[in-house]
Amino acid sequence: EKAPKAFPVLCGLISLAGSVTLSLFTNIFVNVIMLILIAGLFTVYCIGISNTFNKSQGNFKMLFDLLSGALLNPIENLTDVFGSVKAGTKKGSKNISALIGVLLALPVLFVIVPLLVSSDAAFEGLVNTVIKNLGVYLAELAVAVLITPFVFSYMFGKRHKLNLKNGAVKKSIKRVFPVSGAVSFLSVISFVYVVYLFSQLAYFFSAFKGILPGGYIHNASVFARRGFFEMFAIVAINIVLISAVSAFTKRKSGKVSAGIKAVSLFISLFSVLMLAIAMQKMRLNIATYGYTRNRLLVWVFMIMMLFVIAFFIIHIFAPKVPYMQAIIVSCSVLFLVFSFADVNTMTAEYNTREYTEGRLKSVNVEYLADLGDGVVPSLVKLTESENKKSAAKAKIAIIKFAADTKCFTSDKDNKLIYHPLDFRSYSKAKADSCKAINDYFNALSKDEQAEFITAFSRFKNYNYEYDKDKDCYYNW
């Protein structure tokens with residue numbers, strides 16, 4: 001039995017660290033991406049420690065093992081799993097007897113449980129809570145029942161190495177594209193990129209100004225908005241092109257030709273330049289308009305693409321370097337750091353600070369409020385803004401947060417009652433936001449607290465909404 005290599009163990013540790021962020025922050029979009037990343041890294045870990053990789057772990061071929069190991073093999077192994085369960089059932093009747101015992105207990109429980117509910121208030125509250133959330137519990141149970149066979153099949157297959165092809169002849173990719181064709185193909189694309197670089201001289205030298213369209217106005221806003229996503233797409237296309245040419249072009253004595261190396265290097269460096277320009281555009285965009293979750297996420301993906309290009313350049317000149325492992329680890333660690341940074345809170349804190357200190361001309365309170373729980377401390381700060389409209393919007397957003405969460409109720413004495421979160425709904429961001437709301441309320445005057453409770457009750461009990469344009473409440 002071979003000892004697992006460091007790479008799958010490292011992937012397992014990163015997936016474990018990534019799972020921690022799910023209990024800290026409530027950014028749904030980032031959490032979904034993190035779940036996909038965790039699943040991928042954990043699959044690498046399981047395949048690695050069970051020594052069931054069929055392909056090289058150093059290049060893109062390992063991605064095929066990753067996809068088949070996570071999606072196809074569990075389905076293929078279901079027949080073996082059911083066969084094993086069936087064989088185990090034949091050896092003894094304990095499982096059937098246990099099931100019969102559970103079914104016989106159900107009618108008795110229908111008599112006992114109502115009696116227990118009548119005898120004790122605490123048990124009554126527990127049963128009422130279960131009944132209230134019965135639909136949610138049944139949905140979760142249904143999902144668990146559907147997923148369990150595949151999870152068990154996945155572990156069963158890795159445990160017994162059902163998908164390991166020891167005796168199989170490893171197939172290599174058929175390289176059918178001639179070297180001359182590959183070089184000419186990349187050269188044409190490179191020529192267009194050279195022309196593009198030539199056109200950029202119009203921004204720096206007066207002799208080339210005639211290239212720019214008539215009436216062109218060069219300012220930070222135009223520069224920040226135009227062409228960013230197109231550049232991002234070009235870089236992605238370049239990575240795919242270089243990879244395809246490297247994979248399908250014929251080689252002499254197993255070596256990549258010098259011509260392909262040279263042209264691939266130029267396209268890679270051009271991609272780096274495109275990313276640098278795109279990052280500059282994004283920097284100006286943020287300086288002009290502030291943070292958004294999408295801007296920060298795109299910034300992270302650009303850095304990931306720089307990692308990918310850097311390791312591709314290394315691979316061009318050192319094909320034996322396991323570039324795919326380096327790409328997976330570096331990009332995973334980068335996204336892990338990004339997830340721990342809590343992008344929603346970071347966005348709210350940055351925009352609030354830049355606005356209050358005069359570096360941003362405006363702040364979108366509605367956008368900040370839509371980012372989730374982590375923004376409440378920033379909204380509290382905005383209630384002190386000199387801009388009365390922004391301060392009023394921030395106050396309404398805080399009250400809406402208080403009404404939407406289960407942390408607060410109100411009493412007849414205009415008091416806000418704080419209820420700590422239980423473990424089922426806990427997240428660090430949500431707990432911090434509830435504490436910030438409670439501190440904010442306690443710092444208000446009695447009249448302000450009364451106004452807070454009035455608005456809170458409208459949101460909480462009567463399904464009111466707030467019309468920011470008319471500065472009034474309404475309900476449906």
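Analyst: Let's start with a term we'll need: contact means heavy atoms within 4.5 Å. The model is predicted, so local features need pLDDT of at least 70 and side-chain atom pairs count only at pLDDT 80 or more, while totals for chains, interfaces and linings use all residues. Residues are numbered from 1 along each chain as its sequence is written, and side-chain values use heavy atoms, leaving out hydrogens and water.

User: Which residues make the contact between α12 and α13?

Analyst: From α12, the residues include Leu296, Val300, Phe307, Phe311 and His315. Among their partners in α13 are Tyr323, Ile327, Cys331, Leu334 and Phe338. By class, this contact has 16 nonpolar, 2 polar and no charged residues.

User: What makes a residue count as nonpolar here?

Analyst: Ala, Val, Leu, Ile, Met, Phe, Trp, Tyr, Cys and Pro are nonpolar; Asp, Glu, Lys and Arg are charged; the others, Gly among them, are polar. Now look at α2 (28–49), where Val30, Ile33, Met34, Leu37 and Leu41 meet residues of α13 that include Ile328, Ser332 and Phe335. The α2–α13 contact has 9 nonpolar, 2 polar and no charged residues. The axes of α2 and α13 come within 11 Å and cross at roughly 145°.

User: What makes a space a pocket or a cavity?

Analyst: On a 1 Å grid over the protein atoms alone, a cavity holds a 1.4 Å probe that cannot get out, whereas a pocket is open, with protein on both sides within 12 Å along at least five of seven lines; lining residues have an atom within 4 Å of a point. The largest pocket holds about 770 Å³ of space. Its lining has 26 residues, with Leu37, Leu63, Ile327, Ile328 and Cys331 closest to its centre. Helices α2, α3 (62–76), α10 (228–248), α12 and α13 each supply at least two lining residues. The lining divides into 23 nonpolar, 3 polar and no charged residues.

User: How many cavities are there, and which residues lie nearest the centre of the largest?

Analyst: The whole structure has 5 cavities of 30 Å³ or more. The largest holds about 120 Å³, and Ser246, Val256, Ser264, His315 and Ile316 lie nearest its centre among 13 lining residues. Helix α10 gives the largest share, 4 residues.

Key. Grid points are joined across faces, edges and corners, and a volume is the space filled by probe spheres set on the points. Axes are lines fitted to C-alpha atoms, for helices over the stretch in contact, and angles run from 0 to 180 degrees between N-to-C directions.
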